[in-house]
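Visitor: Please take me through one part of this model in detail, namely the surroundings of its ligands.

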Amino acid sequence: MAAKVYDAIVVGTGAGGGTAMKILCEAGLQVCAINSGPRMDTDQDYRGHRQVYDLKYRGYGDPLRLKGKAHQEPYSVEESEYSEGRDLFEHDVAYSNAPGTDWYWKRCKATGGKANFWGRSSARFGDIDFKAADLDGFGENWPVDYAEISPWFSKAERYMGVASTIQNRPSNPDGEYLPPIPWRCIDYIIQKGAEKIGVPYLPDRCAQLTVAHNGHPACHYCGNCSRGCDVGSFFSPTWFTIPDAEATKNLTLLTNAIVRSVIVDEDGMVKGVAYVDRATPKEVEVYAKVVVLAASCVETAHIMLNSKSRRWPTGIANSSGQLGRNLCEHLYGSPGYGYLPRLLGQPATPDNIADSTVAWSPRWQNLKNPREEKFIRGYSVYIGGGCGEFPGYYGQIEGFGSGFKRDIKRYYPTSIGALIQAPTLPSPTNYVDIDPEKKDIFGIPQLRFHFQWGQNELLMWEHSKQVMVDLFKAMGGEMWGFDDEPNRPGTSLHETGVCRFGNDPKTSVTNKWAQTHDVPNLYICDASIFPSCTDKTTTMPIVAFTMRTCDHMLDNFKKGVHNRA
Ligand SMILES: Cc1cc2nc3c(=O)[nH]c(=O)nc-3n(C[C@H](O)[C@H](O)[C@H](O)COP(=O)(O)OP(=O)(O)OC[C@H]3O[C@@H](n4cnc5c(N)ncnc54)[C@H](O)[C@@H]3O)c2cc1C
Ligand code: SF4
């Protein structure tokens, strides 16, 4: 019997893959979506409304839970005791760090991926980002401009539901928004202080539903977003794109299937993918007219680098040699934390939105002149605080025993902390490749990271620490301190760049539609196509660019560039 051939295979069901499968299924294509882990079950896996005291390990989880796993490192925040007992995070597939690299690669392998638990900050990129190379002469421009992408941002925002306000800052373009998340007392205090030192403090663009939207209920502010939303009041593939795709009856969803490579015909064109079934663990092939890779940036490059054939000896679609190159990331870390003495003694308020990016300070540096500062481009800052469920500042104050507990309570409504989001610049020394020595437990050659912070982002880090000293002074706060060094690379989960798009096939992996230059029936729908990082996060742009790529692909089906199966 001839093997089934789908119209399209989509690898990954996260922000990118979920959006691709929704659009392709709704257009009538027969789609096979392949996901490396199990199906996310909202009843079992999103258990946010339990209290910490109901949990055996008070939310921290069984310290022995990773015993015997290939990748032992626990992941922060989202991998908690709330979802323990379910195998949602990747600890079977190990990866390597080259000497001197300390990359922290957090992976959610369940359907929906990391966007089950994401922070929801959803700003638009602008021409200051797309045309940065024209402004400061460093690196490459993106092959698109704001006028071209803006309608796709609108489409993504309208679908996802993003709460914010119109702010009239060209470096941080406005979009189509739901009403903003109400501000807390601390936000007004921070804003006043920020104004005094010329730093913007504005409502963030947050993909959280302040009103009911497209059949999804309004947020009830339980504050548990990082453990998944029980009712679907923020955008996630689990509540949005996957049900939409399934409703068409055009979707076949394979779970616990780790794609190891893209397979090609004699001409080097894509004919399907090979995956390892976790349970057996046997290798299986699936066939399609078109393959979409959306396995989340570096994993997409991993699959492509492992897709070697006579035609593609260094990895599929790698005639440019750029596959795996230009790895960028956000430098994260706290440049300042402390408290607001004027709030001491105030009652705690039920502002359980401490888990959300209610407000932020979008990039304010190098706007008038691209070389005003010692560094080029710019960073943004999130400042958190308020009466969250957990007093996260406990590690920032000294003491022990009953005095320590008393201080934690005393400072409860007063503490605030900043987080810098500083983009790295593409560098020839920051990249991923295949470790020639190591294979994971499924026999798949491991991905290896090569990455160091560069001078530019370290200058931003130092700059942000001074800004925090000034800000705390301006708002009458007391500073407890700042992080001694940035968080480990990988922490932000906003990596970009390892399959960059561009107009020149000699210097980029895909064209401006995210269709690989070398193999026209291979598309990419994640942040690996973004040639550089910005001061903004990546998920809403992943959704917007995926919508645009799928539109182009459907056009190619109509024109006969790709034929239906
Ligand atoms: C706590 C947290 C906070 C965050 N905050 C923000 C924020 O505020 N704003 C923002 O924009 N972003 C934020 N992010 C990042 C955001 O989650 C990612 O940008 C987004 O999820 C990336 O989408 P993706 O589809 O590329 O990858 P993912 O969502 O990771 O999905 C990838 C999918 O591919 C599957 N897969 C992987 N490898 C394979 C394989 N070999 N074979 C088959 N399937 C495979 C996985 O199972 C997964 O389902 C945050 C993330 C976390 C965890
Ligand atoms: S705060 Fe709102 S979006 Fe977050 S988990 Fe609760 S209901 Fe969902």
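By class, how many nonpolar, polar and charged residues does the shell around ligand 2 have?

Guide: The shell around ligand 2 has six nonpolar, five polar and no charged residues (Ala, Val, Leu, Ile, Met, Phe, Trp, Tyr, Cys and Pro count as nonpolar, Asp, Glu, Lys and Arg as charged, and the others, Gly among them, as polar). The model is predicted, with local features needing pLDDT of at least 70, side-chain atom pairs pLDDT 80 or more, and totals for chains, interfaces and linings using all residues. Residues are numbered from 1 along each chain, chains are lettered from A and ligands numbered from 1 in the order written, and side-chain values use heavy atoms, without hydrogens or water.

Around ligand 2 stand Q208, C219, H220, Y221, C222, G223, N224, C225, C229, S233 and F234, each with a heavy atom within 4 Å.

Ligand 1 is surrounded by 37 residues, of which N35, K114, G119, E299 and T539 are the closest. By class, its shell comprises 16 nonpolar, 15 polar and six charged residues. At least two shell residues come from each of α1 (15–26), β6 (257–264), α8 (298–305) and α11 (539–559), and β6 gives the most, three.

Note on methods. Helices (H or I, at least four residues) and strands (E, at least two) are DSSP runs, numbered from the N terminus.
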